[in-house]
Amino acid sequence: MIYGYATGADGKPSAPIKLNIQDYCHILLTGSTGSGKSYALLYLIGCLLKDSPETEVFICDFKNSEDFRFLNDYPLYYAGQHCYEGVMEFFRRFNDARENGKSFKRRVLIFDEYPSYIFYQSMMDKDNKTKLVSDVTNAIATTLMLGRGISHAAWLVTQRAESSLFANGSRDNFQIIIGLGRLSKEQKGMIFTGEEIPNEPMKRGEGHLLSDGHKLRKVKFPLISDINDWKWHIYDILMRNLEHNRDSSQSTPLA
Ligand SMILES: Nc1ncnc2c1ncn2[C@@H]1O[C@H](COP(=O)(O)OP(=O)(O)OP(=O)(O)O)[C@@H](O)[C@H]1O
Ligand SMILES: [Mg+2]
């Protein structure tokens, strides 16, 4: 699938960065607020469904943002506190696939604003004497460590990416790391350890991409000319997939 575009000398998107979705499974998308993460995420979801239209996509949107409101009546969309249910339902199906080996269906768990959820839920856990945060971090760590072989992916979107968010060192399991905008020295150290990144200005939707086995490269996400149409296609395919899973009929690729 396409994971963004390389930039030409004029700074415009040029060649697509195309990688095999099976090998480049887990994505960490990070950048400061307003750097274009959610927008890039919408782009990537569209690319995923173009490449692999039958994928079952779980979307957790802790911020309950306008960006994903078009998914309100999509049953695998979870906003705010409901993100917990989303992760747990994904993990239940993940475990089912692992144990029964009955399907190698591609499944992707997407979590926008993952650290904000972890921060919020940690406070709730203290008040309520619950341990929901560890359920979530363990489910995500297990997916990152064991998901690739059974086509179960985690795509996490974060403003920061400290290792404490990822249980048992599982941060090392992302095959794709995208850092949008200008990253602080500390952030660069966290996600692009040992890479030399010039301190140049970045526009929204621009940044760097590190994929397993390749050198760090610049990446740009293009402006989607008709965002409502793009969202409509995503919604349409996701809803068809639900039906397809029910009655095994075919879904249509993203136009
Ligand atoms: N690739 C792009 N090209 C041009 N403009 C963009 C691009 N991506 C995002 N923008 C603009 O920047 C704004 C902020 O983008 P977005 O909401 O994706 O940022 P974010 O990193 O998710 O921010 P937050 O952390 O606040 O959620 C968008 O409303 C859009 O107008
Ligand atoms: Mg956002």
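## The ligand site

A polar side-chain atom of Thr-33 sits 2.6 Å from an oxygen atom of ligand 1. This is a predicted model, in which local features need pLDDT of at least 70 and side-chain atom pairs count only at pLDDT 80 or more, while totals for chains, interfaces and linings use all residues. Residues are numbered from 1 along each chain as its sequence is written, chains are lettered from A and ligands numbered from 1 in the order in which they are written, and side-chain values use heavy atoms, with hydrogens and water left out.

The side chain of Lys-63 places an N or O atom 2.6 Å from an oxygen atom of ligand 1, and a backbone N or O atom of Tyr-39 lies 2.9 Å from an oxygen atom of the ligand. On its own, ligand 1 has 630 Å² of accessible area, of which the protein covers 73% (Shrake-Rupley method, 1.4 Å probe). A polar contact here is a pair of N or O atoms within 3.5 Å; within protein, one must be able to donate a hydrogen and the other to accept it, and residues adjacent in sequence count only if both atoms are side-chain atoms.

## The shell around ligand 1

In total, 16 residues surround ligand 1, and the closest are Thr-33, Gly-34, Lys-37, Lys-63 and Phe-221 (a residue is near if one of its heavy atoms lies within 4 Å). By class, the shell holds four nonpolar, eight polar and four charged residues. Asp, Glu, Lys and Arg count as charged; Ala, Val, Leu, Ile, Met, Phe, Trp, Tyr, Cys and Pro as nonpolar; the others, Gly among them, as polar.

Helix 1 covers residues 37-51, and its 15 residues reach 21 Å from first C-alpha to last, close to the 21 Å expected (1.5 Å times one less than the number of residues). Helices (H or I, at least four residues) and strands (E, at least two) are DSSP runs numbered from the N terminus. Twelve of the 15 residues of helix 1 are buried, so the rest of the structure largely encloses this helix (buried is under 20% relative accessible area, exposed over 50%, partly exposed in between, with a 1.4 Å probe and protein chains only). Lys-37, Leu-41 and Leu-48 are among the buried residues.

Helix 4 (residues 132-146) also has end C-alpha atoms 21 Å apart, in agreement with the span its 15 residues should have. Its buried residues, including Val-136 and Ile-140, pack against helix 2, strand 6, helix 3 and strand 7 (contact means heavy atoms within 4.5 Å).

Val-57, in strand 4, is buried with a relative accessible area of 0%. Beyond its neighbours within four places in sequence, Val-57 touches Leu-48, Leu-49, Tyr-74, Leu-76, Val-108, Ile-110 and Leu-238.

Gln-187 belongs to helix 5 and is buried at 4% relative accessible area. Its side chain reaches the backbone oxygen of Gln-159 at 3.1 Å. Leaving out residues up to four places away in sequence, Gln-187 touches Thr-30, Gln-159, Arg-160, Ala-161 and Phe-192.

## Positive phi in two loops

Lys-129 is not a glycine, yet it has a positive phi of about 55°. It lies in the loop between helix 3 and helix 4 and is exposed, at 75% relative accessible area.

Ser-151 also has a positive phi of about 55° without being a glycine. Its loop runs between helix 4 and strand 7, and Ser-151 is buried, with a relative accessible area of 6%.
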